[in-house]
Amino acid sequence: MRQQEDRALLPTTSAGADGAASSSAARLRTAGLVAAWYASNIGVLLLNKFLLSVYGFRYPVFLTACHMSACALLSSLLSAASTSKPSSPRKPLSRGQAARVAVLGAVFCGSVVAGNVSLRYLPVSFNQAVGATTPFFTALIAYAIAARREAGATYAALIPVVAGVVIATGGEPSFHLFGFIMCVGATAGRALKTVLQGILLSSEEEKLNSMDLLRYMAPVAVVLLVPATLIMEPDALSAAAALARADASFIWMLLLNSSLAYLVNLTNFLVTKHTSPLTLQVLGNAKGAVAVVVSILIFRNPVTVMGMLGYGVTILGVVLYGEAKKRSK
């Protein structure tokens with residue numbers, strides 16, 4: 001009788017061990033994805049800064065075209081290689097859906113170009129401080145375009161978001177007006193894309209996950225960026241060829257930079273899939289802070305107490321904004 005009871009307990013013990021192993025594997029997978037997200041995001045940011053302002057390759061439109069070309073190619077390859085069920089093939093975009101995606105692609109393209117242009121003139125630390133104001137522009141644009149109102153506490157939380165950037169701007173020794181305008185434009189562009197995506201692709205039939213949306217938007221961006229490069233940066237290709245002949249590592253840096261631009265989107269999609277919205281927000285805020293510290297250590301750009309205080313106030317405002325949004329729901 002005792003042996004029978006022991007045998008009855010064995011499957012339960014095995015199932016518990018399997019559950020613990022599965023939970024541990026899931027945590028390791030999530031940690032690996034977060035690490036890859038941080039590495040790709042910070043890596044592409046620092047490489048952009050290095051190429052555009054340190055290495056001397058001053059062609060942000062061409063660089064963005066390389067990023068979007070890599071996104072278009074790698075997205076298509078991943079889509080072709082994915083093991084989708086034959087019973088549920090992907091539906092092609094409708095004409096109206098394609099037009100909406102084209103609009104989003106144009107906005108996305110403009111925001112990325114503006115962000116890369118700003119890196120020519122601004123240190124990464126200040127770039128990240130301005131970029132943290134995305135919630136402010138999102139709330140502003142959502143109200144202006146969709147008349148979407150937030151609770152009073154949500155709007156109140158945006159005050160330190162803006163105040164922090166004002167403080168950081170006053171304490172930034174490397175401030176550049178044109179770079180600042182481009183950085184604000186890039187931040188507003190990201191917010192506009194988020195709002196438009198919620199409006200244009202709002203129905204369940206038209207919703208796309210972020211990777212499918214990137215697969216459709218990236219070719220649109222390439223179509224826009226190729227003529228823009230030829231018009232705005234006509235000597236970019238010859239300059240890239242000359243740098244490649246003088247230094248073979250330039251090609252590898254360009255390929256790595258373009259691949260990282262795709263990996264940023266892929267890892268962001270996977271981290272979003274395997275974490276909660278609150279965890280994602282906390283990780284995003286921490287990622288910005290890590291990027292600031294790493295960039296200061298690498299590029300040795302001067303920072304002031306006022307500048308870091310301003311960035312801290314902005315991050316505090318972003319956290320308060322997230323909490324207010326969560327409570328209002």
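**Exercise 1.** In this predicted model, determine the handedness of the crossing of α5 and α7, and then describe how the two helices are oriented to each other.

*Solution.* The crossing of α5 and α7 is right-handed. To find the orientation, take the axes of α5, which spans residues 134-146, and of α7, which spans residues 177-200: they come within 8 Å and cross at roughly 50°. Angles under 35 degrees count as roughly parallel and those from 65 to 115 as roughly perpendicular, and α5 and α7 are therefore oblique to each other.

Next, look at the residues that meet. On the α5 side they are Thr134, Phe137, Thr138, Ile141, Ala142, Ile145 and Ala146, and on the α7 side Val184, Thr187, Ala188, Arg190, Ala191, Leu192, Val195 and Ile199.

**Exercise 2.** Work out how α2 and α3 are oriented to each other, and list the residues through which they make contact.

*Solution.* Helix α2 covers residues 60-81 and helix α3 residues 95-121, and their axes, which come within 9 Å, cross at roughly 130°. The two helices are therefore oblique to each other, and their crossing is right-handed. From α2 the contact uses Pro60, Val61, Thr64, His67 and Met68, while α3 contributes Phe108, Val112, Val113, Asn116, Val117 and Arg120. These residues divide into seven nonpolar, three polar and one charged.

Notes: Residues are numbered from 1 along each chain as its sequence is written. This is a predicted model: local features need pLDDT of at least 70, side-chain atom pairs count only at pLDDT 80 or more; totals for chains, interfaces and linings use all residues. Side-chain values use heavy atoms; hydrogens and water are left out. Axes are lines fitted to C-alpha atoms, for helices over the stretch in contact, and angles run from 0 to 180 degrees between N-to-C directions. Helices (H or I, at least four residues) and strands (E, at least two) are DSSP runs, numbered from the N terminus. Angles under 35 degrees count as roughly parallel, over 145 as roughly antiparallel, 65 to 115 as roughly perpendicular and the rest as oblique. A crossing is left-handed if the near helix is turned anticlockwise from the far one by less than a right angle, and right-handed if clockwise. Contact means heavy atoms within 4.5 Å. Ala, Val, Leu, Ile, Met, Phe, Trp, Tyr, Cys and Pro count as nonpolar, Asp, Glu, Lys and Arg as charged, and the others, Gly among them, as polar.
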